[in-house]
Structure formats: C-alpha cells, structure tokens
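Thanks for coming. Please have the sequence and the model open while I talk.

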Amino acid sequence: MKTMRFSTLLSVVTLVCLTIHSSSHLPCHAEWFKGNLHTHSQWSDGQPMPEWSIADYKERGYHFICPSDHNIIQTDDLNVCHLFGTNYTPADMSAFEGETSTWKPVLEKGGWARLTEDALKKYEEKFSADSLQTKVVDGVKFVRLKPFKELEAQFAEPGKFLLIPGYEQTGGTKDGTQLHMNFINVTKTFPYFSGEESVGTILQKTMEEGEKLYAGENYLFFLNHPLWRFYDVSPEVLIEQDAVRHFELTNNGLTYDPHPNGWSPELFWDVVNGARLSQGKQLLYAIGSDDRHGYSHGGGWMYVNADELTTDAIFAAIHRGDSYCSNGVELEDVSFDSETKTLRVKVKPEEGFDYRIEFIGVKKGFDAKHEVIQSDRKGDQPARQIDSYAKEISVVLKVVEGVEGECALGEDDLFIRARVLRSDSQFSPRGQLHRPAAWTQPYVSEQKP
C-alpha cells in the first residue's frame, strides 16, 4: 500500500478514499495552507503596529500566523510601559486608571524597540486614524496596543484565516551566546533561563519547564535561527537534544560574515538528521518563517498539508512532516511512496522561469567527525567555537531539470529530501540559503510522526 500526500481535493468514491486514508499520513481531502509562526510587532521590537502586520499577511494570502513577540503574550493586563527593550513610566499614572492592555509611548527619537510616528502613519494608511486609541500624559503620546483576543476578533475567519497565540523565548548564556525558541498555541509565559553555561543547558531546562507549564495543552515548540547571530547553536546540541523535533530553516541570517569552514543551515539539518538516524533517534523537521521585524516581505514561510484550517489539524500535519518550507517557490504536490521508497515533487511553475529539483541525502556510515574551530573576537563579532563538518556529508543523489521529478531512497541512504531552485535562485550573502527556493521535509523508509 502506498503512503501519499494530496495537494488538492480529489473526487473519488468513498471506498477508495477510505483505502487511501488507512495508509496515508494525511486525511482524505487535505489541502495546502500557507503560514508563518514567527513574526513581531510593536508588542516587542517589531516596527509595525500589530494590526498592520496581521493585515499584511492576510492580504498576501497567508492562512495562519502566530504573532510571536519576545517573552510576552499580548494580554489585556495593564502595562505602562515595560516591554522588550522599552522601560518608560509616566509620572501621572492616574491617567491610566481603568485602562487595559499595554500603552506604549511614542518617542521622538527612533531606535530599536521604540514606537515612532512613522509606524502610526503606516497604520493610518490601512486603518482609520479614529480606531487608534491614544492619550497624552506628561506631554508624551501613548498608544494602546490591541491584545490577542481583540486582534483575533478583528482578523480571524473560520476556514480562511487563523491566528494562533504564542511567543518567542529570548535570551542568552553567560558568555553571550544567544538561544531563541518559540512556543506556539500557549497563553502564558515563563522566565528565560539566562546566564547558564551552555545553550544545551538552557534548551533542556526550557523544554522541561514548558512540559510542566503547558501539560495537557496542544502546543508546538521549535528552535529558532541556530546560525544567528554567529553560529550560536551547534548541530551537536540538537544531536544530543533529540526531543527537539523542529527548527527554523529559512530564518537563518548571520549578523556577521560567514566563516569559510562554518556550517550552512542545510548542512546543519543534514548533520543532525544523519547522526540521529544513525543512533536510532527521530527526525528533525524544518519550519519556514520570516521572523519579520519590519515592513518588508519574503524571508520565508511554510505550507502545511492539513485536512482543515484549525490549530489541531495544522499541528498534526507539522508533527507528521506533512509540510514544506519556501522563500519563493511553490510546490503543487509532494508525495513519498513507502512501497517503492520514492519521493516525488511537482512544482507549481511561474511563467518565465525554469526549475531544478535536487534530491539530497546522507549516506549510511557517513563520517560524522568534526573539527572545532576557534573564531576569535573581531570588533563586535563575538568569539565562537565553531563545529566544522565536511560539506560532502550532504550528498546530491539526483538532479532533475524541470517541474516534476522523483528519486528512490537507496539502500545506503539514511534519508532523502528535495530542494527546488528557480532559474534566478542564488545564495543570499549571509543566510547561505538559496532565494527563491523550496525544501521538502526528509523521508525515511518507515516514516513515523
């Protein structure tokens, strides 16, 4: 029996549908939903007002998003105004008596995490100025930020657009190495484990605390941008911490120039999965997101193949690996035949472009040895110990020029995945990812959630 994914609704008789359903990762009649689970607004250090950000995703055809601001859930608890990167208290607090939510000051001098008149002008281009709640206290204008439940009431549409609550855990180790993680579909936060000796320790403590605080809840946890700021999370961390099942692939911009012997996001992914599978552990799946802080669009997103647009259905598909990541290439279908162990990819082409499908894997018995490179501090570039791996670990198994291709998993292959490039694709200067491109999840002989 074949294991299949479907990207469009199929008209089949009930008996055939039930037969497929019994052996498939997907429920019958599943469809692709486009989403982003990592973005920011004025609730933390994003430039756009939350309404502007959410409306922009909706206008661009997204089906689901999570406004994942730093270390905060958008609640209606009164906060004037101590947010991520902002600490300002007016002298006259009586002006906020009876008010709810966060009121953020509009400061003349712009800068990181500040609200400026430019953001309000952008807001007024999309919405009525009368819908913005403001007040002047001690000569400073304050703007009320809408909490999640009000944003959900304004923008969510059943079956069309889904808002999922969540936040980004943000902090670092004693030596300044950064570790960021997202908790999706949660409504409360807990303090970051800062000042620990290693990112592995923080990751372990964070997962354990999340399991306690969100016990019984359907939440999604993933590691953010391991490459940022400068090789901050080594593949070795996720080889050891195999309870982490998802990480950001597309959101991996370096703050500093890449080290010539450093790993790329895709090599990171292949090293982790090669080592995990060699040890009988579970796969690491990729999340596509943009981590947007400004007004530009295109950093990355994901398509999830689910039976309906609900949080439960979206999460179930993500946990099964029924998704792909993109920053510009759209796929019509992805399927893996468990009988023939064949991965098939079909592109939804744009006129004027050619396409190249690369099937990639890691061989059994691959050389997992790595060299530790000492990268000294250079100006504001932090010192790092970088684990360096042979780039030959990632093997291109087959290349197909065109919009449709397939490749079988070989007896000596640990897994197979596909990368789809467009004729104008090129590496970004620091992120080391092709733009535009699409990436399927990895597949093994016996795909398990």
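This is a predicted model: local features need pLDDT of at least 70, side-chain atom pairs count only at pLDDT 80 or more; totals for chains, interfaces and linings use all residues.

Residues are numbered from 1 along each chain as its sequence is written, and side-chain values use heavy atoms, with hydrogens and water left out.

Start with helix H2, residues 50-59. Helices here are DSSP runs of H or I with at least four residues, strands are runs of E with at least two, and both are numbered from the N terminus. How many of the ten residues of H2 are buried? Eight are, so the helix is mostly covered; buried means under 20% relative accessible area, exposed over 50%, and partly exposed in between, with a 1.4 Å probe and protein chains only. Among the buried ones are Trp52, Ile54 and Tyr57. The buried residues of H2 pack against several elements, including strand S1 (31-39), helix H3 (117-126) and helix H4 (148-155), where contact means heavy atoms within 4.5 Å.

Now H2 and H4 together. Their axes come within 11 Å and cross at roughly 35°; axes are lines fitted to C-alpha atoms, for helices over the stretch in contact, and angles run from 0 to 180 degrees between N-to-C directions. On the H2 side, Pro50, Glu51, Ile54, Ala55 and Lys58 meet Leu151, Gln154 and Phe155 in H4. After H2 comes glycine 61, with a positive phi near 90°.

Next, the sheet. Three strands form an open sheet in the order S16-S17-S22, with antiparallel pairing. Strands S16 (331-337) and S22 (404-408) are at the edges with a single partner strand each, so one side of each has no neighbour in the sheet. Two strands pair if DSSP finds at least two bridges between them; S16 and S17 (residues 342-347) are joined by six. Aspartate 333 lies opposite lysine 346 in S17.

Threonine 311 belongs to helix H8, residues 311-320. The threonine is buried, at 14% relative accessible area. Leaving aside residues up to four places away in sequence, threonine 311 touches Leu162, Ile164 and Asn185.

Last, the cysteines. How many disulfides are there? The count is zero, a disulfide being a pair of cysteine sulfur atoms within 2.5 Å. For cysteine 407, the closest cysteine sulfur is in cysteine 325, 20 Å away, which is too far for a bond. Cysteine 407 is buried at 8% relative accessibility, and cysteine 81 is buried at 0%.
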